[in-house]
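This briefing goes through a protein model by topic.

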Amino acid sequence: MADALAAVVARLYSAAPEDFIPLRGEEVAKARAAKDTGLAAAIGKLRKPTVAAWLVNRVAHERPELIAELLELAEELRTAQRELRGADLRELSVRRRSTVAALAREAVKLAGRGSAGNLPVAEVEATFAAALADPDVAAEVRAGRLTKALEYTGFGETPRPNLRLVKGDDEGGGSSSATVTPVRSAPDESEKERRAEARRREEERRRAEEEHARLVKQARRELMTALQQVADAENAKAEAERAVAAADKAIKQAEKRVKIAQDALADLG
């Protein structure tokens, strides 16, 4: 039944949301006709996706290689974060933004509804970003059966508590039993260094973003100046061409007058 259900899921969650209910009804009827009541019940439980979820599902079913690239990037991000590799994190953060934007554009393209103006692109981007941050969300995105958009509100990986082994004696026979209890310990030097490195990395990221914004603003100013210079040059060229044309016309008129005068002199002579 698993393969049959997977095929139905791919069909239903790739279809437009407005077609979901009729298609689900068709698939339930097919399963019942085949006397597969278990499959019919499983199909009947499938929920209609929102438009944002449908867009993400389309990418998962029709461009699975893009989702695979997204999950590879997610693993690289988690590794770099665990190991506090600041330079790698900066580079991966740039890739993260471009990858999420590219996936959202592909989702809009696959939707085949023209302009993205009426589509919930922000929710689509938030879902892909959540898949980068949370392995559980990533698994749901890859399965291609989301019913609503997802959003990640945490930051990085959840730290695991330090553990210690606690032994105690029973009152009756002195036998010992072991339990594992989470213990909150004061941060050691390495933890302090990691936190300091995280703060430094965040400061570097903020400065990098500010520098990027400054460079973009400067580039836009330079572009506008260059465009104005081109426009001025084109206007000057047009003026020069008009002046040349006027001069040519004056020369031709003068040549005509000279010829007329020469002809008149010849008649008199």
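A residue is called buried when its relative accessible area is under 20%, exposed when that area is over 50%, and partly exposed in between, using a 1.4 Å probe and protein chains only. By that scale Asp263 is partly exposed, with a relative accessible area of 39%. The model is predicted, so local features need pLDDT of at least 70 and side-chain atom pairs count only at pLDDT 80 or more, while totals for chains, interfaces and linings use all residues. Residues are numbered from 1 along each chain as its sequence is written, and side-chain values use heavy atoms, with hydrogens and water left out. Helices (H or I, at least four residues) and strands (E, at least two) are DSSP runs, numbered from the N terminus.

**Nonpolar cores**

- A nonpolar core is a set of buried Ala, Val, Leu, Ile, Met, Phe, Trp, Tyr and Cys residues joined through side-chain atoms within 4.5 Å.
- The largest such core has 37 residues, and those with the most contacts inside it are Leu55, Val59, Ile67, Val124, Phe128, Leu132 and Val141.
- At least two residues of this core come from each of helix 4, helix 5 (64–82), helix 6, helix 7 (121–133) and helix 8 (135–143).
- Helix 6 supplies the largest share of this core, nine residues.
- A second, separate core of 15 residues includes Leu12, Ala15, Leu23 and Ala40.
- In soluble globular proteins, nonpolar side chains tend to be buried together.
- Contact here means heavy atoms within 4.5 Å.
- Leaving aside residues up to four places away in sequence, Ile67 touches Val59, Ala60, Phe128, Val141 and Arg142.

**Salt bridges**

- A salt bridge is a side-chain nitrogen of Lys or Arg within 4 Å of a carboxyl oxygen of Asp or Glu.
- Side chains of opposite charge can pair when their charged atoms come close.
- The whole structure contains 17 salt bridges.
- Arg11 and Glu26 form a salt bridge, with their closest N and O atoms 3.4 Å apart.
- This pair links distant parts of the chain, since Arg11 is in helix 1 (residues 2–14) and Glu26 is in helix 2 (residues 17–33), 15 residues apart.
- Arg11 is partly exposed at a relative accessible area of 32%, and Glu26 is also partly exposed, at 39% relative accessibility.
- A network of salt bridges links Arg11, Glu26, Glu27 and Lys30.
- Glu76 and Arg95 meet through their side chains in a salt bridge (3.2 Å, N to O).
- Glu76 belongs to helix 5 and Arg95 to helix 6, so this pair ties together parts that are 19 residues apart in sequence.
- Glu76 is partly exposed at 34% relative accessibility, and Arg95 is partly exposed with a relative accessible area of 33%.
- Asp263 forms a salt bridge with Lys259, the closest N and O atoms being 3.3 Å apart.
- Asp263 and Lys259 are separated by about one helical turn because they are four residues apart in helix 9 (residues 189–268).

**Two single residues**

- Asn57 sits in helix 4 (residues 51–62) and counts as buried at 0% relative accessibility.
- Beyond residues up to four places away in sequence, Asn57 touches Tyr13, Pro49, Gly144, Arg145 and Leu146.
- Arg97 is part of helix 6 (residues 86–111) and is partly exposed, with a relative accessible area of 47%.
- Arg97 and Glu125 are 28 residues apart along the chain, and their C-alpha atoms are separated by 9.3 Å.
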